[in-house]
Amino acid sequence: MNTLTELLSAGDVVVLSGAGMSTESGIPDYRGPSGSLNRHTPMTYQTFVGDPAARRRYWARSHVGWRMMTEATPNDGHRAVAHLQRRGLLAGIVTQNVDGLHQAGGARAVIELHGSLRHVVCLSCGDSTSREELDHRLRQANPRFTAGATTVNPDGDVGLREEEVDGFQVVGCRACDGGMLKPGVVFFGETVPAERVRQCYALVERAGLLLVLGSSLTVMSGRRFVVHAAKLGIPVGIVNQGPTRGDAYATLTVDAPLGTVLPELIRLTDTRT
Ligand SMILES: [Zn+2]
């Protein structure tokens, strides 16, 4: 903790956060201690655009998931990151999460690497609309849909039985009269927009510390920034429950829950600076 406090106090920290950041807000991680990958296969871009039945099932599940996502509230970890930003110690926040909880916790200028569930895009005309609007339209199109769930996945998806999603009506884009709508998130099998990636690399290159919070760095989409920082000799700190695929590049690792570590880190940093 001492080295981490020292590096943090020096400022210019770039935060890279993952699903572990939101587990204490009731959104279970895919791969963490209570990982959901065993019971949930995330939607891939290819399946979503290529299979109308899979798309209908996705929207039914996501319709339930969205309501649960809007009920999730930021935790001490999110608030700690926002606090560090207000103290002027952060150069940027990059998150792999699509739940918007960093912003709800008071953080600004968050780069959402994998997009956000708050937006919906049309794959035909590119029109972008709010999820609230789509939620309203889906409710109107499915007045008798009553399915519910107890657990939501980090991508806003929930598990429903086949008979629960039967007959769910999907709606199309209004702007171009029927274009295929997709949540504004990067699905598995899809690439992150190049400009967003470039922006993240630029942040990392100027960083005094790359601080990974709650990510097992399993996918290259996040891990590449860790590899890049290490190559440039920029210190990498990783706070995560369990080992990560970036540990070999890390200057230091802390294996503990974020809700415990971050408030303590703030106390130490506040005393020091
Ligand atoms: Zn459209």
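**View A: Aspartate 157 and arginine 61 are both buried.** Here, buried means under 20% relative accessible area, exposed means over 50%, and partly exposed covers what lies in between (1.4 Å probe, protein chains only). This is a predicted model, in which local features need pLDDT of at least 70 and side-chain atom pairs count only at pLDDT 80 or more, while totals for chains, interfaces and linings use all residues. Residues are numbered from 1 along each chain as its sequence is written, and side-chain values use heavy atoms, with hydrogens and water left out. A salt bridge, that is, a side-chain nitrogen of Lys or Arg within 4 Å of a carboxyl oxygen of Asp or Glu, joins the side chains of aspartate 157 and arginine 61 at 2.8 Å, N to O. Aspartate 157 sits in the loop between helix H6 (131-141) and helix H7 (162-165), and arginine 61 belongs to helix H3, so the pair ties together parts that are 96 residues apart in sequence. Helices (H or I, at least four residues) and strands (E, at least two) are DSSP runs, numbered from the N terminus.

**View B: A salt bridge brings together the side chains of arginine 87 and aspartate 270.** The N to O distance is 2.2 Å. This pair links distant parts of the chain, 183 residues apart: arginine 87 is in the loop between helix H4 (76-86) and E2, and aspartate 270 is in helix H10 (residues 258-272). Arginine 87 has 32% relative accessibility and therefore counts as partly exposed. Aspartate 270 is also partly exposed, because its relative accessible area is 32%.

**View C: Glutamate 133 meets arginine 174 in a salt bridge.** Their side chains come to 3.7 Å, N to O. The partners lie in distant parts of the chain, 41 residues apart, with glutamate 133 in helix H6 and arginine 174 in the loop between H7 and strand E6 (181-185). Glutamate 133 is partly exposed, with a relative accessible area of 31%, whereas arginine 174, at 57% relative accessibility, counts as exposed.

**View D: Phe48, Tyr58, Trp59 and Phe187 make up one aromatic cluster.** Rings of Phe, Tyr and Trp (its six-membered ring) pair if their centres lie within 6.5 Å; planes under 30 degrees apart count as stacked, over 60 as edge-to-face and the rest as tilted. This rule gives a count of 7 aromatic pairs. For phenylalanine 48 and tryptophan 59, the ring centres are 6.2 Å apart and the planes meet at 70°, so the pair is edge-to-face. Phenylalanine 48 is in helix H2 (residues 45-50) and tryptophan 59 in helix H3 (residues 52-71), so this pair ties together parts that are 11 residues apart in sequence. Tyrosine 58 and tryptophan 59 have ring centres 5.6 Å apart and planes at 70°, so this pair is edge-to-face. Tyrosine 58 counts as buried because its relative accessibility is 0%, and tryptophan 59 counts as buried at 2%.

**View E: Lysine 182 lies over the face of phenylalanine 187.** The distance from the ring centre is 4.9 Å. A charge sits over a ring if NZ of Lys or CZ of Arg is within 6 Å of the ring centre and within 35 degrees of the ring normal.

**View F: An open sheet of 6 strands runs in the order E3-E2-E1-E7-E8-E9, with parallel pairing.** Strand E3 (110-112) and strand E9 (252-254) stand at the edges with a single partner strand each, so one side of each has no neighbour in the sheet. From one strand to the next, the twist averages 20°. Axes are lines fitted to C-alpha atoms, for helices over the stretch in contact, and angles run from 0 to 180 degrees between N-to-C directions.

**View G: Strand E1 (residues 13-17) pairs in the parallel sense with strand E2 (residues 90-95) over 5 bridges.** Two strands pair if DSSP finds at least two bridges between them. Isoleucine 93 in E2 is the bridge partner of valine 15. Helix H1 (residues 2-9) packs on the sheet, touching (heavy atoms within 4.5 Å) E1, strand E7 (209-213), strand E8 (236-239) and E9, and its direction makes about 120° with that of E7. Helix H9 (residues 220-231) also packs on the sheet, where it touches E1, E7 and E8, with its direction at about 150° to that of E7. Both faces of E1 are covered: Val13, Val15 and Ser17 are buried on one side, and Val14 and Leu16 on the other.
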